[in-house]
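Please keep the sequence and the model in view while reading.

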Amino acid sequence: MIRLNRQVTVFGSAIFCVVVFSLYLMLDHLQLDHTKSPNNGGDRLQNLSILQGKIDRLERLLAENNEIISNIRDSVINLKESVKDGGPDGGNMSQGPYPELLASPPLVLPIDSQDCQFAAREFSKPLLDVYDLLTFDNPDGGVWKQGFDITYQENEWDSEPLQVFVVPHSHNDPGWLKTFDDYYRDQTQHILNNMVVKLHENSRWKMIWSEISYFSKWWDNIDDQKRDAVKRYLVERGQLEITTGGWVMPDEANSHYFALIDQLLEGHQWLERNLGVKPQTGWAVDPFGHSPTNAYLLKQAGLANMLIQRVHYSIKKHFSSQKTLEFFWRQNWDPASSTDILCHMMPFYSYDVPHTCGPDPKICCQFDFKRLPGGRVSCPWRVPPQPITDGNVQQRVQMLLDQYRKKSKLFRTKVVMVPLGDDFRYTEALEWDQQFQNYQKLFDYMNSHPELHVKAQFGTITDYFNALRKSAIDPGHTGPSLPVVSGDFFTYADRDDHYWSGYFTSRPFYKRMDRVLESHLRAAEIIYSLTLANIRRSGKRNDFPAVENYRLLTEARRNLGLFQHHDAITGTGKDLVVIDYGTRLFHSILNLKQVIVNSAHWLVLKDKSAYSHNPSKAFLQMQLVPTCLFSCRSVVIYNPTEQDRTSVVTVYVNTPHVRVVTDHGHPVPAQVSAVWDEPTTASTEAFQLSFIAQVPALGLGMYQLGKAASGGAETAEYVFFRKSGELSVNVKHFTVNIPQDASTPLSIHNPHLQVWSSPTTGLMEVRHLKEDGSEHQIKVEFAWYGTTSNRDKSGAYLFLPDGEAKMYSPAQPPVIRVTKGSVFSEITTTFDHVTHTLRLYNVQGVEGQAVEICNSVDIRGEFNREITMRLTSDVDSKDRFFTDLNGFQIQPRRTMAKLPLQANFYPMTSMAYLQDPGTRLTLLTAQSLGSASLKSGQLEVIMDRRLNQDDNRGMGQGVLDNKVTASSFRLLLEKRAEKPSALSYPSLLSHVSSLYLNHPLIPMAVSTEAESLSLSPLSPLASSLPCDVHLVNLRTIQSKVKIFVFLHNTFFSFLSVEHKASTSLTFCCSSTWVVMF
């Protein structure tokens, strides 16, 4: 507790120091400026008044954050206590392979000196405003097709020479056209082996590397001599720089921030453990658009700089013309500069050599010496490179220096960075010699001729940023200031109307599997960490498989991390590669289930000495088959969320005659429903048992299931509709009604809501809020997009539709099944391509306030079609809507008529919403998909895509491996009375609803052999965490024998006056806290 208090003290002190120093700068600025004002008296009073207001607001925020930290501290006390020694130092937790949980040093928050320079930074408009300025045309720019002609004066560098940093790199995709293992075997291991040899030959040669997934695999297969050489280059000579340090170079559109953090942490932990280095600069040359979430996470991970490449060509052109390609990327909620990270945007089309030395690719290609005559690759412009000799070096230097100078004209300083590499470059020793030796001759000539006013060298990306900071940022500099930018860089287009909005949805089956693995990993991490703490506290000797479970956790972390790669979760790999990813995800899900049941086994036992691990006879089982109820059967319910929770749990049983009671014998509301093999045929061997469970935060609840001759769970009732044709329903044990009059609107309701659906389609049309009696038109429809008839068509990356969507019209009337029960009611419609379900839970609280939507989509028989779900409402949203970025923040969007339809689609990782002054309509999602609002009041989501051709972005195939894919959503309708603001945040209800959707309760059946053992529920926290604080993870770090607690203090909006008046929750800014113990 003392250490936690110290951490809180340091954290609070850091905040106080930054605030005080910020106020000092503001006061100093006012004092300096008032003498320059013609009306300095009035301005001074006005400025002081404004400053007083800001001081008052800062004081309020400090008080509120102190309260939040206090709440978190109180909630963590119980968890903290479980880590302390609770008995004699017995048991093999402190012996053999089991790690001892040691206390960590106090948390130290470093304050970058650059964080105090915000007063001098130039403010720039948000990117959404930049879109208003652009025409998004694509005129021919000459040699730089998407840019403009660049000119310069020969004497511009006379007073300050041009500094050129050429940065050799090799972009290694962890899966794309080959699997991860095949790429490693055929290419990556040779690149890294050659690197060790070639960097040793010349201390002036340098290299950068990003993908730790590959580096770690290589490290495990090399000898100590090579390892020592790598450490020398990294630590002593600085020839090799690890950039970003993540497990992969992740996609930034579809990845959830949990997975982004996890893969970054896995890579950084590996680097610290094996190399003792910490990355300083991010390198993201290939993700298809860029998110400020990733910038924020890199900043929080201690990186000072970052580079991005794939940005819309019109944005690049605009930034180039304004010389704003180097900027501070700031989060849109940050009023100061605490989130600023220095960012470099590459100006040209690609990161390959022809598009990096300057604006003319025909010239730059002549300096890619892998393309020398006789090699396997050549220049498309049919002018090959020449080996550098004494006879041609002067002429070649003039050509190259001209490109360097023109490129430098796009920036504000005389420091220019030139990448030298491409995909899987430097595989052969010959290429190392070709590139490095020829460039060294060019550099030697440049540097030995002072009349050229240039200093050129090989460098790492951080070498470049250090020079840039010295030129433009360091205190006392006289160079130009760099601008501040906020917002995101979606949706990416690389040319014409080729918008990369297709990959937001491509391969949705695997996008859903990604989130399932993410949820299982988080749940397993938390319960495993709690188990280790509990074992340590108990002091009991046991055979808990801690090492094996940690191995499974590590493997799952790495498989989840691998799938965040920008050709994995995006759905842009070849079929065999996608199968490899899917196999890894599936195996890890199964392994994590084992970690969860092993951990829960220990935690629920009353008598810990009775614990015995037997892999062949599982104590707990996550249901794959119906539970057989011949007598009483115990079920353990695990709540992986930080909130005490009342939710509906569903298990499968072999009889409809069942009752549910708590561990104290109190009856629990329950409902038995049919399991439908076909739309009108129910199983006779399996039944769905749904009951309302109450489980404490991060805890385990106990329930008993038993056979009941009477007085057990209520059975659901069914009503079937079909517009024409006879219906034959095969079901036993349930009441079924097939009304003759099928024209009355269908309706289901719960304590909060009532939904009316069309009797013809079963799709929702009206939603009624019981709280205030209001009704809202919310119509659900499905529609098809085709692909253009032009030569370039939609593919895995691109969305190139043939116009507006055409409404879905099934070949035959759908079967509509209405389920009504005491726990939930639902309407299920079976179309030819979609099975659509609307469900209402009959519970009070969070679960009862949303309409749950599930779509099971099957378009395997279609040709060049994409299916979308569209919500049409009476919300007067005009051309505005909002999507989340990585489940971490909200980005305002504007549908623009000047852009093609496909440009108005954006990634939706966890939610999207529409709003007008009085209402907000929010769609929460359990998987990443592409979304848009093409008309006022409309919100649509692409559900799946089947495309018969490649879209010429390198994959070399269409998307034809579709699977039947279930996608889950929740729909919220909320009243709002917010004041107008440039920023927007989810409501607290949507935060918690999204949490419940993505992290459901986990039921586990106790084996029949273990029913004789005494079990008890678990409540590890004294109380729930504050409801605006999310426990991101509770992760064991075995290398440092620590447990890390990741807490995320979320933004949320008070949507209505009533909510604001009835809650004591604090409104505060977003931050992520890491508590170590």
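In helix H12, the buried residues are Glu431, Trp432, Gln434, Gln435, Phe436, Asn438, Tyr439, Gln440, Leu442, Phe443, Tyr445 and Met446; buried means under 20% relative accessible area, exposed over 50%, and partly exposed in between, with a 1.4 Å probe and protein chains only. The model is predicted: local features need pLDDT of at least 70 and side-chain atom pairs count only at pLDDT 80 or more, while totals for chains, interfaces and linings use all residues. Residues are numbered from 1 along each chain as its sequence is written, and side-chain values use heavy atoms, with hydrogens and water left out.

**Helix H12**
- H12 covers residues 429–447, and its 19 residues reach 26 Å from the first C-alpha to the last, close to the 27 Å expected at 1.5 Å a residue; the expected span is 1.5 Å times one less than the number of residues.
- The cover over the buried residues of H12 includes strand E2 (162–171), helix H4 (180–201), strand E3 (207–209), H11, strand E9 (415–423) and strand E10 (454–458).
- Helices (H or I, at least four residues) and strands (E, at least two) are DSSP runs, numbered from the N terminus.

**Helix H13**
- Helix H13 (residues 461–472) has twelve residues, which should span 16 Å at 1.5 Å a residue; the end C-alpha atoms are 16 Å apart, in agreement.
- Nine of the twelve residues of H13 are buried, so the helix is mostly covered.
- The buried positions in H13 are Ile461, Thr462, Tyr464, Phe465, Ala467, Leu468, Arg469, Ser471 and Ala472.

**Helix H9 and its surroundings**
- Helix H9 (residues 313–322) is largely enclosed by the rest of the structure, because seven of its ten residues are buried.
- Those buried in H9 are Tyr313, Ser314, Ile315, Lys316, His318, Phe319 and Ser320.
- The buried residues of H9 pack against helix H3 (127–133), E7, E8 and strand E11 (483–485).

**Asp334**
- Asp334 lies in the loop between strand E7 (326–329) and strand E8 (341–345).
- Although buried, Asp334 has no salt bridge, and the nearest side chain of opposite charge, Arg330, is 4.4 Å away.
- A salt bridge requires a side-chain nitrogen of Lys or Arg within 4 Å of a carboxyl oxygen of Asp or Glu; Lys and Arg count as positive and Asp and Glu as negative, with His and the chain ends not counted.
- The side chains of Asp334 and Thr339 are joined by a polar contact of 2.7 Å. A polar contact is a pair of N or O atoms within 3.5 Å; within protein, one must be able to donate a hydrogen and the other to accept it, and residues adjacent in sequence count only if both atoms are side-chain atoms.
- Setting aside residues up to four places away in sequence, Asp334 touches Thr339 and Asp340, where contact means heavy atoms within 4.5 Å.

**Disulfides and other cysteines**
- The whole structure contains two disulfides, each being a pair of cysteine sulfur atoms within 2.5 Å.
- Cys357 is joined to Cys364 with an S to S distance of 2.0 Å, and this link is left-handed, with -90° about the S-S bond.
- Cys357 is buried at 3% relative accessibility, and Cys364 is buried at 0%.
- Cys365 is joined to Cys379 at 2.1 Å S to S, and this link is left-handed, with -105° about the S-S bond.
- Cys365 and Cys379 are both buried.
- With the bonded cysteines numbered in sequence order, the pairing is 1-2, 3-4.
- Cys854 is partly exposed, at a relative accessible area of 28%, and Cys1027 is partly exposed at 27%.

**Tyr996**
- Tyr996 is placed in helix H17 (residues 988–998) and is buried, with a relative accessible area of 6%.
- The C-alpha atoms of Tyr996 and Glu847 are separated by 8.0 Å, although the two residues are 149 residues apart along the chain.
- Leaving aside neighbours within four places in sequence, Tyr996 is in contact with Thr641, Gln643, Asp644, Arg645, Ser647, Val846, Glu847 and Arg970.

**The chain overall**
- The chain has 18 helices and 43 strands.
- Of its 1077 residues, 61% are buried.
- Among contacts in the chain with a separation of 6 or more, 75% are between residues 24 or more positions apart.
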